Amino acid sequence: MKTFNDSLIQLWKNRYPLFNKVVAMEEVFWVNPAIQPFQTAIKKTSLSELDVKDAEERLQRFAPYIAKAFPETIKTNGIIESPLVKIPAMKQSLENDYRQTILGEVLLKCDSHLPISGSIKARGGIYEVLKFAEKLALEHNLLSFEDDYSIFNSEQFQSFFSKYSIAVGSTGNLGLSIGIIAAKLGFHVTVHMSHDAKQWKKDLLRSKGVHVIEYEADYSKAVESGRIQAEQDPYCYFIDDENSRDLFLGYAVAASRLKKQLEKLQIPVDEEHPLFVYLPCGVGGGPGGVAFGLKLIFKDQVHCFFAEPTHSPCMLLGLMTGLYENISVQDVGLDNLTDADGLAVGRPSGVVARTMEPFISGIFTVSDNQLYKLLKRLADTEGIFLEPSALAGMIGPVLLCRNDSGYLLKDQLMEKIKKGTHIIWATGGSMVPEAVMKEYYQKGLSAKE
Ligand SMILES: *Cc1c(COP(=O)(O)O)cnc(C)c1O
């Protein structure tokens with residue numbers, strides 16, 4: 001593995017004004033100089049609306065199965081979707097605490113409360129497993145597109161899928177989503193867990209018959225080991241979080257669903273009403289996929305920001321230096337240790353970094369201390385409990401509205417934002433056991449001001 005010499009690091013320090021702060025683990029707000037107008041950016045990728053539509057239709061085909069296999073989704077007819085809610089009390093609390101007026105309305109997208117696996121991974125992870133299952137069933141003439149997919153919920157299908165296995169590397173939540181759906185379909189599942197993975201996530205998976213292998217190393221290592229083991233077994237399908245087009249598209253479906261939710265709340269998004277979205281980022285697939293879907297729909301009217309822990313700013317380093325996956329946080333002396341386990345990733349996905357570079361507006365970093373403070377505040381003001389990773393985007397509207405962020409100075413955004421909307425993407429939390437959540441809340445109580 002490559003590490004960088006001091007002279008190269010010195011060069012970056014001179015070239016990129018925020019580089020020093022990133023390396024010193026200070027919180028930063030970085031505006032992406034490589035962002036392009038939508039019509040230019042979209043020409044640089046091979047992915048299109050048709051790919052997202054294909055994913056959306058596949059999820060629709062599977063809806064009867066999902067409703068049967070996971071009765072908690074009956075009320076949404078087998079569609080795995082989360083609420084979009086206004087959080088006025090939290091907005092006020094943010095304004096008071098950070099002494100910063102937030103222009104525009106603030107909403108929370110509660111992927112924390114997605115059914116089946118309680119995190120944003122219930123989008124991409126479940127989608128990729130379903131797509132693989134559909135492909136196998138079609139190839140073996142067990143299925144045609146016109147069938148009622150609830151036949152997947154049968155002993156015949158389960159025994160067929162039991163000849164195959166699925167493997168994945170994860171810091172916790174991806175393993176949870178893939179483990180739950182794949183085991184339900186009848187696959188053998190192996191989840192390679194990085195040292196960050198919480199005990200309750202491993203316990204829950206084991207209780208469902210999933211084979212959990214634990215590593216002392218971080219996420220990149222867990223993925224690599226999983227990939228190597230899976231390659232040796234022709235009946236094993238490896239879900240590659242660092243390179244997966246299917247995961248990305250599964251996440252992207254969120255956008256058309258969100259559009260409908262905004263319409264229902266009569267919240268416009270257009271030239272005069274910009275939308276700002278803040279997404280916690282680990283390897284990049286989740287936030288990248290969602291942001292890509294949003295860009296396809298709202299184009300230059302949506303502004304997407306990623307949020308990362310100060311100890312794991314992998315996407316920020318990859319984009320700032322233009323090295324994408326060829327730089328890790330460890331290369332510049334950072335430890336990749338954070339309580340935001342969903343974001344504890346040292347090296348970004350190269351595919352996502354390259355695809356999203358012309359689309360995203362910026363990236364900011366948040367300390368763990370801050371995450372706990374925000375966790376407690378959201379619980380106190382709105383009664384919503386999230387896991388630490390899911391709070392990373394919460395500070396976004398404050399940072400954006402501060403004049404020194406610079407972002408609002410262009411395109412008359414400073415005026416337009418008053419009628420605009422901020423959406424904080426809350427990426428996980430509803431499955432956290434109560435005792436663990438109590439500990440998180442306690443940490444918020446004792447967090448430094
Ligand atoms: C995985 C995860 C993310 C980030 O998704 P990536 O695809 O890794 O970038 C954010 N929040 C939570 C809670 C997660 O589990």
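Reply: The model is predicted. The lining of its largest cavity is made up of ten nonpolar, twelve polar and three charged residues.

Me: What makes a residue such as Gly count as polar in that lining?
Reply: Gly is not on the list of nonpolar residues, nor is it Asp, Glu, Lys or Arg, so it counts as polar. The lining has 25 residues, and G282 and G342 are among those nearest the centre of the largest cavity, along with I120, K121 and L343.

Me: Why is it called a cavity and not a pocket?
Reply: A cavity is a set of points where a 1.4 Å probe fits but cannot get out, whereas a pocket is open.

Me: Which elements give two or more residues to the lining of the largest cavity?
Reply: They are helix 8 (173–185) and helix 13 (285–298). Helix 13 gives the most, with three residues.

Me: How do you know where the largest cavity lies relative to domain 1 and domain 2?
Reply: Domain 1 (6–48 + 71–117 + 252–446) and domain 2 (120–247) both supply lining residues, so the largest cavity lies between them.

Me: How many aromatic pairs does a search of the whole structure find?
Reply: The search finds 24 aromatic pairs.

Me: Why is the pair of Y278 and F305 called stacked?
Reply: Two rings pair if their centres lie within 6.5 Å, and planes under 30 degrees apart count as stacked. The centres of Y278 and F305 are 5.8 Å apart and their planes are at 15 degrees, so this pair is stacked. The pair links distant parts of the chain, with Y278 in strand 8 (residues 275–280) and F305 in strand 9 (residues 302–309), 27 residues apart.

Me: Are Y278 and F305 buried or exposed?
Reply: Both Y278 and F305 are buried, a label that requires under 20% relative accessible area.

Me: Which residues do ring pairs link into a cluster?
Reply: Among them are F62, Y65, F132, Y149, F152 and Y237.

Note on methods
Residues numbered from 1 in each chain as written. Predicted model: local features only at pLDDT ≥ 70, side-chain atom pairs only at ≥ 80, totals over all residues. Heavy atoms only, no water. 1 Å grid on protein atoms, 1.4 Å probe; cavity = no way out; pocket = protein on both sides within 12 Å on 5 of 7 lines; lining within 4 Å. Helix = DSSP H or I, 4+ residues; strand = E, 2+ residues; numbered from the N terminus. Domains from an automatic or database assignment. Phe/Tyr/Trp six-rings, centres within 6.5 Å; stacked < 30°, edge-to-face > 60°. Buried < 20%, exposed > 50% of the residue type's maximum accessible area, 1.4 Å probe, protein only.
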